[in-house]
Amino acid sequence: MPVEFLSDDQAASYGKFNEEPTRPELERFFYLDDEDRKLIAKRRGDHNRLGFALQMCTVRFIGRCLPDDPLDVPWVVIEHIAEQLGIEDVSCVKAYTERKPTAYEHAWEIRDAYEYHEYDDPEWVRKFRTFLHGRAWTAHSEGPKALFDYAVGWLRKNRVLLPGVSVLARQVSEVRTIADKRLHTTVAKAAWRADPSLPADLVALLETPKGRRYSYLETFRRPPTKTTGTAMKRALERVDEIAVYRLGRVKLDKLPPNRLAALARYGLGSKATSLERASEPKRTAMLTAVMRHMEAKAIDDALELFTVLMSTKLLSTAKRLTNKDRLSTLPQLEKASRIAARMSKCSWRSWSTSRRAARRWTRPRCGRPWRRSRRGPSCGARPPRWRAWSRRTTTRRRSRSARRWPTATTRCARSCRCSATPRCSARPRPGSGSWPRSRACPRSAGAR
């Protein structure tokens with residue numbers, strides 16, 4: 001194959017049916033409308049009508065007719081078109097190839113009827129080359145195969161019949177070569193405008209000094225590999241050495257960034273001897289792109305190394321010391337927290353008790369707490385409401401306790417605690433939760 005970027009399989013599948021069309025593709029490219037049926041109806045014989053329709057749909061789908069072998073299509077396509085035309089005997093299409101000029105005549109008629117353009121048309125050749133040059137200049141990273149596919153798509157979209165595979169591949173290669181030369185010339189001229197001595201200084205980087213095994217350019221390529229202060233010093237020196245060339249003054253704003261990045265990658269992947277053997281202006285352009293890339297890369301490497309040194313040598317050490325101090329104070333902190341917990345628990349109990357007592361023994365009118373001690377402030381005698389409430393509450397609580405624990409408590413009939421004797425002599429009635437009235441209890445006797 002005369003084209004190097006296309007494989008044999010890719011070249012063989014160009015302009016042909018690589019696989020059976022899908023159902024959506026059949027409905028889109030192989031559907032016959034009213035205008036198509038009118039043009040097909042002019043043919044005589046089912047085999048001519050089917051062959052004409054087959055070439056008509058083929059040029060829509062792949063961008064070219066197949067007059068040499070019009071039946072080189074999947075059988076599902078033939079059946080789909082025959083079904084639309086109402087032809088029951090699909091095998092009659094084999095008779096379409098018996099007369100060779102018929103296929104060529106039908107192809108020319110389809111070209112004129114649907115306004116397809118030949119690839120040699122000067123107007124469409126100019127439009128096609130304009131598209132290729134623009135695509136190759138702005139999208140270098142796509143590669144020649146991608147540019148070839150875009151060219152095929154553009155031709156199909158604009159109804160330009162596809163040429164031979166070698167013709168189109170040579171056109172793509174030629175356009176890419178022109179775009180590369182334009183890039184090299186533009187970059188070299190920009191470097192010369194910035195400083196006439198800059199191209200010579202860049203070429204001097206390819207020289208190998210005495211006593212060393214590699215050139216100055218190879219020295220700039222090597223980033224720092226250790227995280228030490230000496231490596232940081234060498235990284236800063238590398239930035240200063242590259243900054244001497246002042247490549248920021250080279251005006252390359254109008255060039256596509258991806259083109260410069262691709263040129264820099266190509267230069268970084270080449271050895272110094274290969275760059276030295278390159279012709280001008282390609283050598284100057286590659287060295288300019290490489291040095292601009294390494295200037296930014298050297299600054300990034302220095303900043304990254306500085307970040308690593310700060311995190312490993314300074315921040316990590318301080319963090320370890322802080323953790324060590326904190327761990328040493330954990331026993332004291334634990335002891336202090338236990339003491340604080342005990343103190344807070346005691347204060348909470350005393351506070352809650354005093355609050356409950358204050359709410360319970362507060363006089364309704366004056367609002368001042370009533371205390372049993374003589375030192376506490378007094379608002380006079382306890383009010384009658386408080387006495388009645390206290391008596392009812394005390395009686396209710398004692399009755400409830402007597403019902404729950406009839407044998408374990410010492411209660412009298414009026415549910416008052418007997419303080420005259422340590423224990424009443426009376427016994428509770430069977431099945432009842434209170435004590436009977438007894439003369440042994442002086443309070444019950446007095447209450448009577």
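What share of the 448 residues of the chain counts as buried? And once that is clear, how do H7 and H9 pack, at what angle and how far apart are their axes?

Analyst: Start with the whole chain. This is a predicted model. Of its 448 residues, 35% count as buried. The secondary structure is made of 18 helices and 0 strands. Now take the contacts between residues at least 6 apart in sequence. Of these, 66% join residues at least 24 apart.

Now the part you asked about. Two packed helices are described by the angle between their axes and the distance between the axes. Helix H7 covers residues 122-138, and helix H9 covers residues 165-194. Their axes lie 9 Å apart, and the packing angle is about 50 degrees. That angle makes H7 oblique to H9. The crossing of the two helices is right-handed.

Which residues make this contact? On the H7 side they are Phe128, Arg129, Leu132, His133, Ala136 and Trp137. On the H9 side they are Leu168, Gln171, Glu174, Val175, Ile178, Ala179, Arg182 and Leu183. Sorted by class, the contact has 9 nonpolar, 2 polar and 3 charged residues.

H9 has another partner to look at. Helix H13 spans residues 257-268, and its axis comes within 12 Å of the H9 axis. The two axes cross at roughly 90 degrees. H9 and H13 are therefore roughly perpendicular to each other. From H9, the residues in this contact are Ala179, Asp180, Leu183, His184 and Val187. From H13, they are Arg259, Leu260 and Leu263. By class, that gives 5 nonpolar, 1 polar and 2 charged residues. Look back at Ala179 and Leu183 in H9. They meet H7, and they also meet H13.

Next, the loops around these helices. Go to the loop between helix H6 (100-113) and H7, where Glu115 is found. Most residues other than glycine have a negative phi, and most peptide bonds are trans. Glu115 is not a glycine, yet its phi is positive, about 60 degrees. Its relative accessible area is 58%, so Glu115 is exposed.

Follow the chain past H7. Glu142 sits in the loop between H7 and helix H8 (143-157). With a relative accessible area of 27%, Glu142 is partly exposed. Leave aside its neighbours within four places in sequence. Glu142 is then in contact with Arg135 and Tyr150.

One loop on, between H8 and H9, lies Arg159. Arg159 has a positive phi near 60 degrees and is a residue other than glycine. At 40% relative accessible area, Arg159 is partly exposed.

Glu280 and Pro281 are joined by a cis peptide bond, with omega about 5 degrees. Pro281 has its place in the loop between helix H14 (272-277) and helix H15 (282-328).

His80 lies in helix H5, which covers residues 75-85. Why does His80 count as buried? Its relative accessible area is 12%, and the cut-off for buried is under 20%. Not counting residues up to four places away in sequence, His80 touches Arg23, Leu26 and Phe30.

Ile87 lies in the loop between H5 and H6. Its relative accessible area is 8%, so Ile87 is buried. Leave out residues up to four places away in sequence, and Ile87 touches Asp46, Leu50, Ala82 and Cys92. Consider Leu50 in particular. Leu50 and Ile87 are 37 residues apart along the chain, while their C-alpha atoms are separated by 8.2 Å.

Last, the cysteines. A disulfide is a covalent bond between the sulfur atoms of two cysteines. A search of the whole structure finds 0 disulfides. Cys57 has 0% relative accessibility, so Cys57 counts as buried. Cys65 counts as buried too, because its relative accessibility is 14%.

H9 packs with H7 at about 50 degrees, with axes 9 Å apart. H9 also crosses H13 at roughly 90 degrees, and those axes come within 12 Å.

Definitions and conventions:
Residues are numbered from 1 along each chain as its sequence is written. This is a predicted model: local features need pLDDT of at least 70, side-chain atom pairs count only at pLDDT 80 or more; totals for chains, interfaces and linings use all residues. Side-chain values use heavy atoms; hydrogens and water are left out. Axes are lines fitted to C-alpha atoms, for helices over the stretch in contact, and angles run from 0 to 180 degrees between N-to-C directions. Helices (H or I, at least four residues) and strands (E, at least two) are DSSP runs, numbered from the N terminus. Angles under 35 degrees count as roughly parallel, over 145 as roughly antiparallel, 65 to 115 as roughly perpendicular and the rest as oblique. A crossing is left-handed if the near helix is turned anticlockwise from the far one by less than a right angle, and right-handed if clockwise. Contact means heavy atoms within 4.5 Å. Ala, Val, Leu, Ile, Met, Phe, Trp, Tyr, Cys and Pro count as nonpolar, Asp, Glu, Lys and Arg as charged, and the others, Gly among them, as polar. A disulfide is a pair of cysteine sulfur atoms within 2.5 Å. Buried means under 20% relative accessible area, exposed over 50%, partly exposed in between (1.4 Å probe, protein chains only).
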